[in-house]
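I opened the notebook to look up a few features. My entries follow the structure below.

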Amino acid sequence: MAATTEEVRTPVPQIVARRVERERTGWTSWVTTTDHKRIGIMYMVLTFVFFLLGGTEALLMRLQLSQANNTLLDPKTYNELFTMHGTTMIFLFVVPMMAGFGNYLIPLMIGARDMAFPKLNALSFWLLLAGGIVFYGSIFFNPPECGWTCYPPLSETAYLPNGGVDAWIFLIHLTGLSSLLGAINFYATIANMRAPGMGWGRLPLFVWTILTYSILLILALPVIAGAVTMLLTDRHFGTHFFDASNGGSPLLWQHLFWFFGHPEVYIMVLPGFGIISEVLPVFARKPIFGYKAVAAATVLIAFLGLLVWAHHMFATPSPTFVFIFFMLGSFLIAVPTGVKIFNWIATLWRGTVEFTTALLFCVGFIGTFLIGGITGIFLAVFPVDWQLTDTYFVVAHFHYVLMGGAVFGIFAGIYYWFPKITGRLLSEGLGKASFWLMLVGFQVTFLIQHSMGLDGMPRRIYEYADVGNLEIYNLISTIGSFILGLGVLMTVINVLRSVKHGVKAGPDPWKANTLEWFTTSPPPVNNFDVIPRVRSVEPMKDIRRQVERQSGIVEAPPAPAAESAVRA
Amino acid sequence: MNRIRRALARTPANRRPLRLALAILLALALMLVLAGTAFADALTPESGGSPNADKIDNLYKLILAVAIVIFIGVEGALFYSLFKFRARKGAVPAQIRGNTRLEIGWTVGAALILVVLAVFTFIELPGIRNPPNSGPDGLRLANGTLLASGASRRLPPNGKSLNVCVNGQQYIWRYTYANDCGNAPLNSVFSYTEMVVPVDTTVTLDINAQDVDHSWWIPKLGGKFDAIPGYTNHTWFKIPGKWAGHVFHGQCAELCGRNHANMIAQVKAVTPAEYERWLAQRKADIAAADKAAAQERKRVQQELP
């Protein structure tokens with residue numbers, strides 16, 4: 001079956017205007033753009049650069065830890081590196097990368113011509129860039145050394161007087177403002193600008209997750225903005241919010257930070273879930289199993305995610321009642337998460353699975369994220385957490401969740417939507433090599449870290465004594481991290497090559513389900529000349545079937561066979 | 001139910017891969033069990049030095065057993081469906097949009113597993129949290145160690161424990177051997193980095209910090225407890241008699257600055273008699289050092305113009 005969009009004649013609109021502004025070209029066209037697609041591309045490119053910076057920091061740390069009592073890095077540099085790594089990956093990579101996908105795809109998926117507030121959208125991007133510059137500017141002076149959590153009293157001026165912590169605070173403010181404006185924009189766009197016929201029950205699942213992501217950002221970000229402002233005034237204007245010797249409370253910071261910090265985890269993984277929920281059905285050639293359950297699980301995870309923050313604080317002096325509440329809350333959140341995993345597997349069940357790179361990354365996601373979910377149960381049981389918290393077991397756990405849950409999702413998204421964004425396909429060979437290197441590298445790096453933690457290795461230490469098996473474990477982990485890095489590099493090469501030399505994709509190379517594939521690749525500035533009426537969760541399937549009927553090529557036999565006919 | 005059965009029904013020709021997959025799964029499970037016994041140490045937390053550490057280890061193993069079953073089941077289902085339902089010529093994908101009963105089934109199933117884990121936890125919790133009485137070979141604790149009710153510290157049933165005040169400082173641990181940490185007498189015995197305690201005796205710890213957050217952790221003696229300025233945290237341990245003469249190692253587990261990695265902690269277990277000798281010796285040493293310091297001060301003051 002040929003592409004559908006060629007069938008639609010482009011109507012010529014009657015424009016009445018006093019003058020036509022000359023279209024800008026070159027770099028000024030990017031700097032001044034308010035087009036959601038260009039902003040989305042800038043988001044994705046910028047955040048990927050930060051991903052590579054954060055990854056380089058991680059490799060340096062792994063080099064330092066490859067041997068016991070190594071002297072490659074001094075403790076100050078090491079502390080700076082893990083602070084930069086964590087902050088970069090969270091605030092400058094995963095969260096804004098999801099905003100990049102959302103920016104590019106939300107209007108296309110819901111059949112809108114742009115975001116609700118295009119100028120606000122541009123502001124979001126430039127605030128993000130400003131946050132990144134302020135933060136990375138500190139490497140020329142003194143980068144922060146307090147970890148991405150920046151617990152006071154350590155982050156107070158008495159212990160870290162230099163400007164690194166202040167750079168970190170400004171990063172939180174600027175990227176927070178960027179995300180907050182973006183979230184309001186997403187919410188307004190999704191609530192008001194859907195194509196005719198696209199009710200809430202026909203919203204693509206990726207759009208559901210971006211909607212939930214936006215609500216979580218709106219609820220959680222003001223709290224961290226308040227907390228870092230209190231830290232700023234503690235540091236420079238004589239207040240004592242977190243200073244125990246003057247009536248303040250270091251524990252208050254932990255509560256405020258994690259009230260934001262835990263929802264932040266779901267802010268990072270939910271859009272990843274959304275990408276999986278879009279890509280899996282396309283390559284299983286089957287509708288998503290239990291659309292309503294998957295959408296409802298997203299919302300439920302977000303709600304419960306706001307009620308589990310103190311499971312990061314099981315070792316603090318707090319009442320047992322608090323621990324029990326947060327343990328049971330964390331247990332509850334496993335139920336909707338499990339439901340999602342079961343639904344994804346059921347989506348593959350009795351499908352015809354096509355092993356494209358995008359699908360492989362989805363599968364890598366499910367298999368890896370499952371391990372992160374299971375180790376999360378260990379950590380939720382607070383007496384067990386007393387042994388595991390603040391060790392490499394936790395480091396392994398959250399990398400399984402965030403690498404597995406967010407990064408593999410992002411890579412699946414890159415391979416799936418690259419043809420829409422650039423009009424060209426990525427190389428499948430390089431893509432698959434990249435996938436296998438990343439998967440193997442990831443498991444080699446992080447599986448063994450569970451054992452390091454169980455053997456008593458705390459996190460955030462720049463050196464360790466050669467006791468037990470620690471040295472060999474760490475060496476294995478370091479080797480794995482370089483395999484992982486090589487895998488990422490393959491995708492970078494793939495992207496750089498395919499932008500110019502990739503195979504032309506056409507509007508709908510995957511025979512996909514959602515509206516972004518209805519327009520050309522790359523889409524025109526106005527996205528759609530005609531916006532079709534949406535009649536189901538899979539509008540493109542309906543459109544293909546309709547074209548088939550009208551052209552009379554294949555008269556649709558019962559449903560399943562019709563599917564295979566469309567594929568043929 | 002019938003709908004589910006029909007959805008899962010397969011033609012006989014397709015059964016062989018299923019049997020193969022089951023065999024592979026069984027082999028994998030067997031390997032895990034074997035590997036589990038060989039590398040038990042790599043898969044479980046440290047324990048052996050105190051009943052609370054042992055009970056945490058038990059609880060961990062219970063969860064691990066459930067986790068392994070879930071892991072094999074879910075990954076097995078994932079790989080089976082990938083292998084079985086890969087695209088082949090003539091294969092037709094079933095257009096199933098969901099199955100409410102199945103979905104309710106696995107939601108309830110997941111919830112039930114978690115109820116079981118919660119029950120495990122509540123059964124083990126008292127043994128982890130509440131200190132037991134000291135053993136018969138432990139230190140004879142004076143009556144004075146009985147604390148008034150209302151103290152946030154948990155005490156053994158008979159109210160007697162040896163209390164040590166643990167204080168985290170950048171980058172060293174200080175231990176004061178006193179009962180009431182807030183008002184410890186100025187001549188209390190203290191030590192740095194290495195804590196000396198009698199075996200078979202319930203030792204309770206009052207943990208706080210002087211400057212930034214730290215975290216007390218000796219893996220074989222139980223979990224970690226944050227030392228936070230302005231707060232007092234509590235834990236306990238009771239080292240069995242066979243460990244007399246052994247030194248347990250640990251280190252600060254909360255980022256506290258550049259030398260966080262070098263903020264080590266040690267607990268040396270000795271017999272009660274040795275402990276009392278050590279305490280007396282330490283007391284005498286401290287008194288002698290104080291006296292020497294006082295004389296030195298006097299000398300310096302006299303030399304000053």
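I began with terms: two strands pair if DSSP finds at least two bridges between them. Helices (H or I, at least four residues) and strands (E, at least two) are DSSP runs, numbered from the N terminus.

I noted that this is a predicted model, where local features need pLDDT of at least 70, side-chain atom pairs count only at pLDDT 80 or more, and totals for chains, interfaces and linings use all residues. Residues are numbered from 1 along each chain as its sequence is written, while chains are lettered from A and ligands numbered from 1 in the order in which they are written.

**Entry 1: a sheet in chain B.** I looked up strand 4 and strand 10 (residues 264-270) of chain B: they run parallel, joined by five bridges. Within strand 10 of chain B, Ala269(B) is opposite Val197(B). I then found helix 6 (residues 272-303) of chain B packing on the sheet, where it touches strand 4 and strand 10 of chain B. Contact means C-beta atoms, placed from the backbone, within 7 Å.

**Entry 2: Pro144(A).** I found Pro144(A) in the loop between helix 4 (118-137) and helix 5 (164-192) of chain A. Is Pro144(A) buried or exposed? Pro144(A) counts as buried because it has 25 C-beta neighbours inside 10 Å. The cut-offs are 20 or more other C-beta atoms within 10 Å for buried, 12 or fewer for exposed, and partly exposed in between, with C-beta atoms placed from the backbone. I listed contacts beyond four places in sequence, among them Thr83(A), Cys150(A) and Trp168(A). Leu81(A) is 63 residues from Pro144(A) in sequence, yet their C-alpha atoms are 8.9 Å apart.

How values were computed: Two residues are in contact if their C-beta atoms, placed from the backbone, lie within 7 Å. Axes are lines fitted to C-alpha atoms, for helices over the stretch in contact, and angles run from 0 to 180 degrees between N-to-C directions.
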